[in-house]
Amino acid sequence: MATSLGANTYNRQNWEDADFPILCQTCLGENPYIRMTKEKYGKECKICARPFTVFRWCPGTRMRFKKTEVCQTCSKMKNVCQTCLLDLEYGLPIQVRDTGLDIKDDVPKSDVNKEYYTQNMEREIGNSDGTRPVGILGKAPSSSEMLLKLARTTPYYKRNRPHICSFWVKGECKRGEECPYRHEKPTDPDDPLADQNIKDRYYGINDPVADKLLKRASTMPRLDTPEDKTITTLYVGGLGDTISDAELRNHFYQFGEIRTTTIVQRQQCAFIQFATRQAAELAAEKSFNKLIINGRRLTVKWGRSQAARGKEAIKDGVSEMGTRLDPVPGLPGALPPPPALEEDTPANYFNLEAGTSPNVMNISLPPPPGINPLPPGFGPPMFHMGSMGPPPPPPMGMRPPGHIHYPSQDPQRMGAHAARHGD
């Protein structure tokens, strides 16, 4: 049987009376001087339905007033903030935290089981020192790589902003700048983030914020271990001109014995070869996306074996590291291959007709204009191409008017002088 606010005589010894709330840094606000109102047994807890002490405060200028929503017992069971119900250590929803730590905490939801579970947890909380979580969460591992990547490093104070003014959305707000609510366009009602429930967040089910963060975690880059057990080399890129061989050894020697260290200064990268595969796997796990030397974030990848590198053919558009390169726009395409030369085809350097004999060719020069042609027998001699070179071209004055040797002699061109017959 749940306890109501009006039942002042039922199980009152279990009602909560606290002096200060359990809050995260975001909900507490950035103002170090803050005033809080305290109302003893002012509200029922939204999880266990027991009356508890309600605190109310304003986290900062132009922020909305906030208050505690769950009791401190429910907050300590899940190690969450009493207001936003986010994890106190990572600032993430409970569903994301439990997924990252690989734990499954089935809190009962029925009234009788919930009351029995809460009493047992209160007894365990009373026996602890209050510095560590209790229950299954207290037995879970202390950290997770996924949680460290998703966790916020600074408070997110925009979460404390006022709600959107419903009168301004309808165009009926008459307060103007004095309105304590935001005059902004509301979000899409079909957005999954618009439907959030405090109980779903506490129990870690059907939380749209957690679903969004888990999808982001699934798309984050990761370093897969190669199947070839002979690979013990790590590739370190982005060295620059300031990182030396000694600085690399000072970082990687903690993971195991280093066999060789090779720095390629032209490509600003290095290759760290370990003596054992176990040391290489530990170095890759601890350094991937987390290696910073002299203020530079370095890239860590697995090297490739010599056998696999020899078998791989050179592919167009693939870099040395195996990543696909995007084509550069604006570059001309590949040139076509030259035509194949046939050995049987004779080289016709003078563009002669196919029927013309290459050995003997009779070249007759026409008479100049105004001169009668020569009688038979007095024509030009026969030239043998095989024994002597080609005949010299005739002088400019003796060339026929109709035969064009140069473009400037074309009668159709502008400025050319056509020869007239009979002058």
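Predicted model: local features only at pLDDT ≥ 70, side-chain atom pairs only at ≥ 80, totals over all residues.
User: What percentage of the residues is buried?
Analyst: Of the 423 residues in the protein, 30% are buried. Buried means under 20% relative accessible area, exposed means over 50%, and partly exposed lies in between (1.4 Å probe, protein chains only).

User: How many helices and strands are there?
Analyst: The protein has twelve helices and eleven strands. Both are DSSP runs numbered from the N terminus: helices are H or I with at least four residues, and strands are E with at least two.

User: And what share of the contacts joins residues at least 24 apart?
Analyst: Among contacts between residues at least 6 apart in sequence, 58% join residues at least 24 apart. Contact means heavy atoms within 4.5 Å.

User: On to the strands. How do E1 and E2 run?
Analyst: Strand E1 (residues 36–44) and strand E2 (residues 51–57) run antiparallel and are joined by six bridges. Two strands pair if DSSP finds at least two bridges between them. Met36 stands opposite Trp57 in E2, and Thr37 has Arg56 as its bridge partner in E2.

User: What is found in the hairpin of E1 and E2?
Analyst: Six residues lie between the strands of that hairpin, and Ala49 takes a positive phi near 65°.

User: Which strands form the open sheet, and in what order?
Analyst: Three strands form the open sheet in the order E1-E2-E3, with antiparallel pairing. E1 and strand E3 (66–67) are the edge strands, each pairing on one side only. In the loop between E2 and E3 sits Arg62, whose phi is near 60°, a positive value in a residue other than glycine. Arg62 counts as exposed, at 57% relative accessibility.

User: What about E5 and E6, how do they pair?
Analyst: Strand E5 (residues 258–264) pairs with strand E6 (residues 269–274) in the antiparallel sense, over six bridges. Thr261 has Ile272 as its bridge partner in E6. The hairpin of E5 and E6 has four residues between the strands, and Gln268 there takes a positive phi near 55°.

User: Changing topic: how many disulfides does the search find?
Analyst: The search of the whole structure finds zero disulfides. A disulfide is a covalent bond between the sulfur atoms of two cysteines, and the criterion used is a pair of cysteine sulfur atoms within 2.5 Å.

User: Which residues does the C3H1-type annotation cover?
Analyst: The UniProt annotation "domain: C3H1-type", from an unreviewed entry, covers residues 159–186. UniProt positions are given in the numbering used here, feature names are shortened, and annotations may be inferred rather than shown by experiment. The end C-alpha atoms of residues 159–186 lie 15 Å apart, and the span is 14% helix and 0% strand.

User: Now the helices. Where is Asp98, and what does its side chain join?
Analyst: Asp98 is found in helix H3 (residues 94–101) and is buried, with a relative accessible area of 11%. A polar contact of 3.3 Å joins its side chain to that of Arg97. A polar contact is a pair of N or O atoms within 3.5 Å; within protein, one must be able to donate a hydrogen and the other to accept it, and residues adjacent in sequence count only if both atoms are side-chain atoms. Leaving aside neighbours within four places in sequence, Asp98 is in contact with Lys78 and Ile103.

User: Last one: where does Ser128 lie?
Analyst: Ser128 lies in the loop between helix H4 (111–127) and helix H5 (136–139). A polar atom of the Ser128 side chain is 2.9 Å from the backbone oxygen of Ile125. Ser128 counts as partly exposed, at 28% relative accessibility.

Methods: Residues numbered from 1 in each chain as written. Heavy atoms only, no water.
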